[in-house]
Amino acid sequence: MADSKMDTPLSPPSNTQSIISPVNLILFALLLALVYVRLRPKPPPTLSKAPPPIVFRTFTPPMLKPYNGENKMPVYLAVNGKVFDVSNGRNFYGPGGPYENFAGRDASRGLACGSFDEDMLTKDLEGPLDDLKGLGEEEWEAMMGWEERFQEKYLVVGKLVAVGDSEASKEG
């Protein structure tokens, strides 16, 4: 009798549930979806378009005037014969900013004197450049301080020459 019990295969108990149930299939599908979402390949990041290259140019006052930040133009200003791209400081030098009257102009005398008045700017854009005569030692130091500050913060994109200058005629 002992041998007959050993020969009969054991059958699973009748109260156990199958692994393949609808709930388990749903949980397994959710697990697969989560694994896919976490491990799927990501699209390569897109880089923003690089700004156009800035070429060092020779500017005359009329050529510099349009670079005042209006009509989506960059903001340039000149100090002591150097033209700076101050577009990153558009809030200060662009339209509506406290230094907006210097945009597209030679700001040397105004910055040296600490004045934002229009009379500090050269009126005749076709005439000679401001020779800065009449500036005192403190005013020269102030202007040189501004020039140094601009060189640290902004790109020099050109130089400012008078309209009749031979370098201006080469640019074109």
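Reader: Let's start with Arg-109: buried or exposed?

Author: Buried, with a relative accessible area of 18%. The cut-offs are under 20% for buried, over 50% for exposed and partly exposed in between (1.4 Å probe, protein chains only). Keep in mind that this is a predicted model: local features need pLDDT of at least 70, side-chain atom pairs count only at pLDDT 80 or more, and totals for chains, interfaces and linings use all residues. Residues are numbered from 1 along each chain as its sequence is written, and side-chain values use heavy atoms, with hydrogens and water left out.

Reader: Which residue forms a salt bridge with Arg-109?

Author: Side chains of opposite charge can pair when their charged atoms come close. The rule here asks for a side-chain nitrogen of Lys or Arg within 4 Å of a carboxyl oxygen of Asp or Glu. For Arg-109 the partner is Asp-130, with the closest N and O atoms 2.7 Å apart. That links distant parts of the chain, as Asp-130 sits in the loop between α5 and α6 and Arg-109 in helix α5, 21 residues apart. (Helices are DSSP runs of H or I with at least four residues, strands are runs of E with at least two, and both are numbered from the N terminus.)

Reader: How many salt bridges does the rule give?

Author: It counts 3. One of them joins Lys-82 to Glu-147, with 2.8 Å between the closest N and O atoms. Lys-82 lies in strand β3 and Glu-147 in helix α6, so this pair ties together parts 65 residues apart in sequence. Lys-82 is partly exposed at 28%, while Glu-147 is buried at 6%.

Reader: Which residues of α6 are buried?

Author: An α-helix has 3.6 residues a turn, so residues three or four places apart point the same way. In α6, Met-143, Trp-146, Glu-147 and Phe-150 are buried. They fall within an arc of 100 degrees seen down the axis (taken from the directions from the axis to the C-beta atoms), so they line one face of the helix. On the other side, Glu-137, Glu-138, Glu-141 and Glu-152 are exposed.

Reader: And what about Asp-106, where is it?

Author: Asp-106 is in the loop between α4 and α5. Asp-106 is buried yet has no salt bridge, and the nearest side chain of opposite charge, Arg-109, is 8.1 Å away. (Lys and Arg count as positive, Asp and Glu as negative; His and the chain ends are not counted.)
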